[in-house]
Amino acid sequence: MRQTRIAVVGAGLGGLTAAGFLQRAGFVVKVYEQAPAFSRIGAGIILSANVTKVLRRLGLEDGLIAAGIKSQSYVSRAWDSGEVTAEFVFDAEAERRYGGPYVHIHRGDLHAVLERGVVAGTIAFNHQLVDILQSSGSLRLIFANGAAAEADIVVGADGVRSKVRDCLLGPEPPQFAGFTAYRAIFPAARLNGFWIADCTKWWGTDRHCLPYYLTGRRDEVYAIGVVPATGWEHGDASIPSSREHYLQSFAGFHADLQRVLQAVESVTLWPIFDRARDDRWSARDGRIVLIGDACHPMRPFMAAGGAMAVEDAAILGRCVAQFDDPARAVRCYEATRIPRVAKVQEISIANTWMHGPTETDWFYCYDACTAALAAPQ
Ligand SMILES: Cc1cc2nc3c(=O)[nH]c(=O)nc-3n(C[C@H](O)[C@H](O)[C@H](O)COP(=O)(O)OP(=O)(O)OC[C@H]3O[C@@H](n4cnc5c(N)ncnc54)[C@H](O)[C@@H]3O)c2cc1C
């Protein structure tokens, strides 16, 4: 065991992955999560090979595949003609090449799997961080429920509205990105036998829609539809919407997509927030450091925000384990991560990933558990 106490704030994709790696490196780790428990919110997520191969190291790959689906293909189609502009096959050969499977999974099921990657009792639910008091000794975390905790290092994995980021850099809310997302999950039986590919991205001129299966039985479908919006008046909350609104927003799209959206039961509408690139991810002394959406929220158009959080977590775990000095550890983490995250952020804004023939190896083949670490800057 090492003596350093590490507090991870946020039990999302990044936080739980970081905790899993830091515990394996022998640190004393506690995760503080504001939610009272994990819930099965109505959304799916795509985990590409660069994520699944990292989660394999935490013993989670089989669980991901059992709860989700090992996707066989990703197809890009034109909104009006339905023409296939690109197709990516995820067969056994692709899995070998990329070093892991391409998985779609319900977010609720993903959390249940991720929780198995940390020691039982690691997560303290109902702990919303409100402040961090810094002294020359340890850091003191203050929670909304009146509790407090001491740590030597705080990892801010608390998402796009990160309180840890506020404590580090001062309050600066994220910006509404000018898009909202319809999110609907429904039983595949509602397609009445209509065949769909494992994942299709329907590309419009200013909007897109992505229906994909969530389970290996192909009995549950998730359809996320992103549309432009001039503003959002509901904070970071989602609002209920309707199949009619969803269909209206994609009126004129190819009949195959209309057929899928007609099968939608209930649907919610979510705002999309992001921030301009900002490379301030840590305190100078390295005792407070951010990962995932807390330091680089991005538009979800490349389906890569979660992937970046998982890669961050794996690299941070390696850096903290390698350097006794936290300042050197976070300099190494930032130098390793910032160039790759910046590239992914740019592609996400451009929304071009896999629209046509795309070189994907640099993204999918990357292994955050073995990739070279950059020299601390
Ligand atoms: C519509 C949409 C679709 C997406 N699709 C994909 C996809 O297919 N693939 C992909 O890789 N990415 C996708 N993303 C991006 C992905 O969801 C995020 O990038 C990812 O969830 C970031 O992980 P994280 O761990 O940094 O933060 P989060 O997953 O947001 O987790 C943060 C956690 O911190 C907790 N928390 C927040 N504040 C506090 C506090 N003060 N105290 C304690 N706990 C706190 C939260 O409750 C939450 O559990 C999508 C995003 C959107 C919006």
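Student: Which polar backbone atom is 2.8 Å from an oxygen atom of the ligand?
Tutor: One belonging to G14. Keep in mind that this is a predicted model.

Student: How much of the ligand does the protein bury?
Tutor: The protein buries 84% of the 1,000 Å² that the ligand exposes when taken alone.

Student: Back to the backbone. What does G306 do with the ligand?
Tutor: A polar backbone atom of G306 sits 2.9 Å from a ligand oxygen.

Student: And which residue has a polar backbone atom 3.1 Å from a nitrogen atom of the ligand?
Tutor: That is Q34.

Student: How many residues surround the ligand, and which are the closest?
Tutor: There are 29. The closest are G14, E33, R107, L129 and D293.

Student: Which element gives the most to the shell?
Tutor: Helix α9 does, with four residues.

Student: Which elements each supply at least two?
Tutor: α1 (13-24), β3 (44-47) and α9 (305-322).

Student: New topic, helix packing. At what angle do α1 and α5 pack?
Tutor: About 15°, with the axes 10 Å apart. Helix α5 covers residues 107-115.

Student: Are they roughly parallel or roughly antiparallel, and why?
Tutor: Angles under 35 degrees count as roughly parallel. The angle here is about 15°, so α1 and α5 are roughly parallel to each other.

Student: Left-handed or right-handed crossing?
Tutor: Left-handed, as α1 passes α5.

Note on methods. Residues numbered from 1 in each chain as written. Predicted model: local features only at pLDDT ≥ 70, side-chain atom pairs only at ≥ 80, totals over all residues. Heavy atoms only, no water. Near = heavy atom within 4 Å. Polar contact = N/O pair within 3.5 Å; in protein donor to acceptor, adjacent residues only side chain to side chain. Areas by Shrake-Rupley, 256 points an atom, 1.4 Å probe, with all protein chains shown as cover. Axes fitted to C-alpha atoms, helices over the stretch in contact; angles between N-to-C directions. Parallel < 35°, antiparallel > 145°, perpendicular 65-115°, else oblique. Left-handed = near helix turned anticlockwise from the far one by under 90°.
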